[in-house]
Amino acid sequence: IHSCASLPSFYSLLQKHRGVLAFFTTEMCRLSRKAQPLFEEFAHDKSSNSSPVAFVQVDLNASRGAAAIGIEFGIRATPTFMFCVGGMKVYEVQGCDVQQLRMQLSMFLHPGLPNSTFHPHLSLSLPALDLLGLTPILFKQKVPNLAVVSEKLKSFLDSTTTWFQPFDTSLSKADTMEILFGTVIPYIEAFTTSQCLDLWHDVTSSMSWNMPEDQLFPLVDLWRRALLDEKVSSWCADRNGLDSPPVLLLSKACERSSKKYLLTLLRMLSNAFSNKALGWKILLSAQNNLAMLLEHTLVHEDTGVRKSASSLTFNTFARLQELRIENLCKGDEEGADHLEMEISMTLLNAEWEASIACAVLAAIERESDGDIVHRQVAALGLIVRFSPFIDHLLRLLGVLYAQRTLKSKFRGNEGNLNMQKTAWVLLQEVADKLCPPSVSI
């Protein structure tokens, strides 16, 4: 167990280790003393199983440097367990609920799916779901006329009266316009986007900091098309947090965002999942923003937005399905690549997965477009099939009458929804095999 008393030493640990579990305590805290043996037990378990996770304890009252760590990472109570991956905070648990901590820490150290004897869906035959495959749904429409795009962006930039120079680019408004229209747009027009990515990143950052999201949709649409180029998507995957343009543009979305911004953003993110590494990076660094976006857009009033949101939900859980299948195949074999640990650890919070499952179910209940229902049911099937939180998820779906909701789509809707036969078969399969009978609280 490491001990840290300053921000520099803490950041040094984050750089040296792919995964870090930090235990924040104070000497006088009774709950911290109660949690201490459990923390030590799991640290010992880590050392005996060669886990790539570093354990660090921080006494917030020990020094000003230690207190600075708590302030930097927003620690508001003790004890707090903070999970970090790739140098980023991704999850925290406050208090000392021993059962919850044991479950979360166990999954942190052993992120693979439970043994096949424990997961209820491993022996299920799901031919309709398997027939879909895990290939992401992509939006390959051509970018609109670049002259029109340029004119629109120029008018938006001209209307911006104040300009803040971001610390990461320090571009003035004049610099931004010169680079955008003098370099980036010509490279896009010549289909050589991958040669100007650093400059395009700087322009994107500068514009995102200074312009409302509703004026950024032409820029987002340019990224949507560019991410279909493996060189571009791989470059984005190599950047962390808000330094990655898709993650930065996602952070701008809110419930008040215009239809144009939401539509282009959802399609851009759907295309981002064409690159496995970029899809995982989005899950690692922006899962909460992604969940909030999906919860809002799956029931949006616009059909195009709902269809794009349903596609993004499918792509998100198709990538997670790949991960979970890999975990099943690898098990605990020695020397296995631990990249899957990062993703599983990020999604330790069962509520994240449950919140999206609830949003999808609510969307299915309201939806009248057959193509959208097909995508939503497929996404729900992927969420439930190999979820590490299956017991929690099945109880939730039972309480929410998920099976009844899906089967209600059959009653008098076979013609109204205009769904293909394969979609109806999938709907029946997910309802009968993956959704439990309704239960009362």
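User: What span does helix H20 reach from its first C-alpha to its last, and what is expected at 1.5 Å a residue?

Analyst: In this predicted model, helix H20 covers residues 421-434, which makes 14 residues. From first C-alpha to last, H20 reaches 19 Å, close to the 20 Å expected at 1.5 Å a residue.

User: Which residues of H20 are called buried, and what covers them?

Analyst: Buried means under 20% relative accessible area. In H20 the buried residues are Ala423, Trp424, Leu426, Leu427, Glu429, Val430, Ala431 and Leu434. Their cover includes helices H5 (127-132), H17 (370-385), H18 (390-399) and H19 (402-408).

User: Why is threonine 78 called partly exposed?

Analyst: The relative accessibility of threonine 78 is 22%. Buried would need a value under 20%, and exposed one over 50%. Threonine 78 therefore counts as partly exposed. Its place is in the loop between helix H3 (64-72) and strand E4 (80-85).

User: What makes the pair of threonine 78 and threonine 26 a polar contact?

Analyst: The side chains of threonine 78 and threonine 26 make this contact at 3.4 Å, and the cut-off for such a pair of N or O atoms is within 3.5 Å. Leaving aside neighbours within four places in sequence, threonine 78 is also in contact with Phe24, Thr25, Cys29, Ser32 and Leu60, among others. Leucine 60 is 18 residues apart from threonine 78 along the chain, and their C-alpha atoms are separated by 8.9 Å.

User: How do you know which strands pair with E3?

Analyst: Pairing takes at least two bridges between two strands. Strand E1 (residues 2-3) is joined to E3 by two bridges, and strand E2 (residues 19-25) by seven. E1 runs parallel to E3, and so does E2. Across from histidine 2 stands valine 56 of E3, while glycine 19 has valine 53 of E3 as its bridge partner.

User: Why is strand E3 described as largely enclosed by the rest of the structure?

Analyst: E3 spans residues 53-59, and six of its seven residues are buried, so the strand is largely enclosed by the rest of the structure.

User: Which residues have the most contacts inside the largest nonpolar core?

Analyst: They are Trp200, Met207, Trp223, Leu265, Leu380 and Leu406, in a core of 95 residues. Apart from that core lies another, of 17 residues, among them Phe10, Leu13, Phe24 and Ala54.

User: What is leucine 380 in contact with, leaving aside its neighbours within four places in sequence?

Analyst: Leucine 380 is in contact with Ala357, Val360, Leu361, Ile364, Leu406 and Val430. Val430 is one of the buried residues of H20.

Notes: Residues are numbered from 1 along each chain as its sequence is written. This is a predicted model: local features need pLDDT of at least 70, side-chain atom pairs count only at pLDDT 80 or more; totals for chains, interfaces and linings use all residues. Side-chain values use heavy atoms; hydrogens and water are left out. Buried means under 20% relative accessible area, exposed over 50%, partly exposed in between (1.4 Å probe, protein chains only). Helices (H or I, at least four residues) and strands (E, at least two) are DSSP runs, numbered from the N terminus. The expected span of a helix is 1.5 Å times one less than its number of residues. Contact means heavy atoms within 4.5 Å. A polar contact is a pair of N or O atoms within 3.5 Å; within protein, one must be able to donate a hydrogen and the other to accept it, and residues adjacent in sequence count only if both atoms are side-chain atoms. A nonpolar core is a set of buried Ala, Val, Leu, Ile, Met, Phe, Trp, Tyr and Cys residues joined through side-chain atoms within 4.5 Å.
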